[in-house]
Amino acid sequence: MTYKEDIGRLKEARYYSNFEDKRVRCKLCPNNCIIDLERVGICKVRKNIDGLLYSINYGEITSIALDPIEKKPLFHFHPGSSIISVGTWGCNFKCEFCQNWEISQQRPFYTKIIKPDELVQIAQEYKHEGNIGVAYTYNEPTIWYEFVYDSARHVKEKGMKNVLVTNGYINEEPLSDLVPYIDAMNIDLKAFNNDFYQKVCGGRYEIVLRTIEIAVKSGVHVEVTTLIVPGGNDKLEELENEFKALATISKDIPLHLSRYHPAYKYNKPQTDLRILFDAYKLAKNYLNYVYLGNVWDEQYESTYCPKCGSLVIIRRGYDVKIVNLDEEGRCKTCNSQIVRRL
């Protein structure tokens with residue numbers, strides 16, 4: 001299907017440069033696409049129209065829902081709360097096991113246009129249901145940069161929270177410009193070897209590790225997810241190097257090790273639970289908070305104080321019970337700061 005863009009609805013992109021022949025170079029992410037006239041970059045949503053780069057999905061919503069904050073997943077940021085979650089379409093990766101490939105790898109037939117101020121109004125309307133703000137998720141939000149940036153500023157002005165669920169593949173300048181408006185991020189670190197990263201996803205782990213470090217140093221609450229894919233990124237030696245690298249940034253980064261299930265172009269069997277349990281034990285040697293995702297076992301989803309060992313949050317799926325934290329998110333037994341609630 002051929003789409004004719006309505007220039008009046010589009011938003012000129014940030015972070016690009018021009019060539020004399022009307023080609024442009026996008027500088028949003030490390031792909032640094034050189035885009036010919038009337039063509040799009042790898043992400044499919046940044047288009048060269050008459051020598052100018054436009055975001056063609058500005059305000060286009062493919063998915064919107066009120067989700068538990070734990071679904072992002074964020075376990076140490078306002079636990080038990082909810083957040084309005086929105087997504088668009090497109091991605092700067094091509095992960096062959098993508099769960100949301102219908103919106104990340106192709107343009108949906110139907111989308112709904114929502115302006116940033118309208119999104120903020122929706123978020124405010126759901127405050128009575130425990131909503132704390134807006135999460136940009138479902139597909140890759142950084143390629144939706146202009147809309148996320150504009151919306152995040154409006155959300156922040158209203159005293160609500162902004163969350164990014166991202167692959168972390170973004171250049172340093174746009175990241176640094178955005179993080180002042182972002183309160184929390186869950187960042188996918190898809191592997192700690194570039195052979196797997198480049199062949200199966202399309203990126204490099206060093207870039208994502210840099211994003212994690214910049215976000216943490218900027219005061220953003222950061223949690224990391226690694227999907228353990230059989231035969232791809234599941235070697236314990238490799239995973240141990242990842243755990244060490246994250247611990248160098250901060251031992252308090254919560255790490256979610258998730259079980260892979262067949263999806264999109266990948267039909268390998270789901271991850272062996274024994275590998276997940278071994279990875280969990282190994283990660284606990286380096287990081288204070290480690291969780292297993294897609295396992296649905298409260299032993300591996302609940303939170304324990306790393307200092308005194310007290311059970312502080314019980315999780316059974318999205319059923320969350322806070323049992324030993326004060327109002328500031330500190331352990332009642334030893335006063336250690338466990339979660340970020342302010």
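Which residues lie nearest the centre of the largest pocket? The legends below start there.

**View 1. The largest pocket of the predicted model**. Lys72, Pro73, Gln99, Asp188 and Thr225 lie nearest its centre, within a lining of 42 residues. A pocket here is an open set of points on a 1 Å grid over the protein atoms alone, with protein on both sides within 12 Å along at least five of seven lines; lining residues have an atom within 4 Å of a point. The space in the largest pocket comes to about 1200 Å³. Grid points are joined across faces, edges and corners, and the volume is the space filled by probe spheres set on the points. β12 (161–166), β13 (184–188), β14 (221–228), β15 (255–259) and β16 (290–293) each give the lining at least two residues. Strands are DSSP runs of E, at least two residues, numbered from the N terminus. The lining holds 16 nonpolar, 18 polar and eight charged residues. Ala, Val, Leu, Ile, Met, Phe, Trp, Tyr, Cys and Pro count as nonpolar, Asp, Glu, Lys and Arg as charged, and the others, Gly among them, as polar.

**View 2. The second largest pocket**. About 260 Å³ of space lies here. His221, Val222, Asp252, Ile253 and Pro254 are the closest to its centre, out of 15 lining residues. Eight of the lining residues are nonpolar, five polar and two charged.

**View 3. The largest cavity**. A cavity is a set of grid points where a 1.4 Å probe fits but cannot get out. Two cavities reach 30 Å³ or more. The largest has a volume of about 90 Å³. Cys26, Cys29, Cys33, Cys43 and Arg46 are the closest to its centre, among 13 lining residues. The lining has eight nonpolar, four polar and one charged residues.

**View 4. Strand β6 and its partners**. β5 (residues 46–49) runs antiparallel to β6, joined by four bridges. β1 (residues 11–12) and β6 (residues 52–55) are antiparallel too, with two bridges. Strands pair if DSSP finds at least two bridges between them. β5 and β6 form a hairpin with two residues between them, and Asp50 in the turn has a positive phi of about 55°.

**Notes.** Residues are numbered from 1 along each chain as its sequence is written, and side-chain values use heavy atoms, without hydrogens and water. In this predicted model, local features need pLDDT of at least 70 and side-chain atom pairs count only at pLDDT 80 or more, while totals for chains, interfaces and linings use all residues.
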